[in-house]
Amino acid sequence: MRRREALTLLGSGLMAPSALLASSSVFAADKVKRDKRPVALLLPLSGPRAALGLSMRQAVLLADSGPELTAYDTGGTPEGAVLAARNALKAKAAMILGPVTAEELTAVSAEVARRVPVIAFTNNAVVGAPGSFVFGITPAQVTSAILRYARSRGVRSIVVIDDTSPWSAAAALAAGKAQGEIGIDVRVLTVTDGQPLPEAGDAPDAVLLPGSGAAVLAAARNLKATGIQLLGTVQALDHRPASLEALDGAWIASPDPAAFGRFAGEFRSRHGGTPGALSALAYDAGGIVKILRAKGSLDETALLAETNYPCVTGNVRFRSDGSVARELSILVAGPQGYEPVAVSLGA
């Protein structure tokens, strides 16, 4: 349709404004040129974690199988990651996905010096920095999510059980920071091997066990008849029938298990085997690259401009300080599994 004809029809009422807007959007889309610059994938493709690196590479390719994606072997060491990043920059990579560990990210950030954005798979929030994003599911994300949900359900005081593991310690720190923000009283109880868990009276409203395994299940059994709510993080997910029975009624913050199940099914049908959480993160990173390519830019400004990337591990947005906000599901455990009951936005 010619411009003059379109204007005439619009003036006569024969063309709806929405039709004109649809035509305009098509013209605008034609102007967006797909960003075909290479993207580097920094993974341990040799050494003791080679199987993990291969699984993550396969997961990325499920989301973005274009020829512009190149994998570089880090060997799972900071030195290997620096060499891989250096080679990626020489190849004019516009973005780096990886590396996996906090130590590798620290080394890569120094090498890259913010020339291109780095989306790393570590969950250690301490090593994030402008241009180097911590994409892993962090203790702070899940702790904030479960505490906010608990507060919305009337919980006013909690005890956090810190078993001295890095995850629990970080969760306890995050809980302490959250208490002023959401109006909840937090006490941290550090528990070491051989020391009994607190009695029911120590937790007026709820007990948060950030970790996993026998300690969580023991606490679940001890709290069953007390009326005190058990809170958990993604680490507590346990699908064994006896564990589900013990956890019955617990509130847990986690990525949506159904979304992960769909990804895992696609992965198994293509590659076989069962992917883990890091492979899901790699898949999500590949999806983010695909979105940015279609929008015409793989730089940091474009990465920060999007406010909601759909992800298996929870929809995300990137912050300028290197942190990532992530939507998480709130699950209620029951004998048959975990039922989503709410979504925590941007934890």
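Modeller: The side chains of Arg34 and Glu68 meet in a salt bridge, a term that stands for a side-chain nitrogen of Lys or Arg within 4 Å of a carboxyl oxygen of Asp or Glu. This is a predicted model, in which local features need pLDDT of at least 70 and side-chain atom pairs count only at pLDDT 80 or more, while totals for chains, interfaces and linings use all residues. Residues are numbered from 1 along each chain as its sequence is written, and side-chain values use heavy atoms, with hydrogens and water left out.

Colleague: How many residues apart in sequence are the parts that Arg34 and Glu68 tie together?

Modeller: Arg34 sits in the loop between helix H2 (17–31) and strand S1 (39–43), helices (H or I, at least four residues) and strands (E, at least two) being DSSP runs numbered from the N terminus. Glu68 belongs to the loop between helix H3 (50–63) and strand S2 (69–73), so the parts that the pair ties together are apart in sequence by 34 residues.

Colleague: Is Glu68 buried or exposed?

Modeller: Buried means under 20% relative accessible area, exposed over 50%, and partly exposed in between (1.4 Å probe, protein chains only). With a relative accessibility of 12%, Glu68 counts as buried.

Colleague: Which residue forms a salt bridge with Asp64?

Modeller: Asp64 lies in the loop between H3 and S2, and its partner in helix H11 (residues 277–295), so the pair ties together parts that are 229 residues apart in sequence. Both residues are buried, and with the closest N and O atoms 3.6 Å apart, the partner of Asp64 is Arg293.
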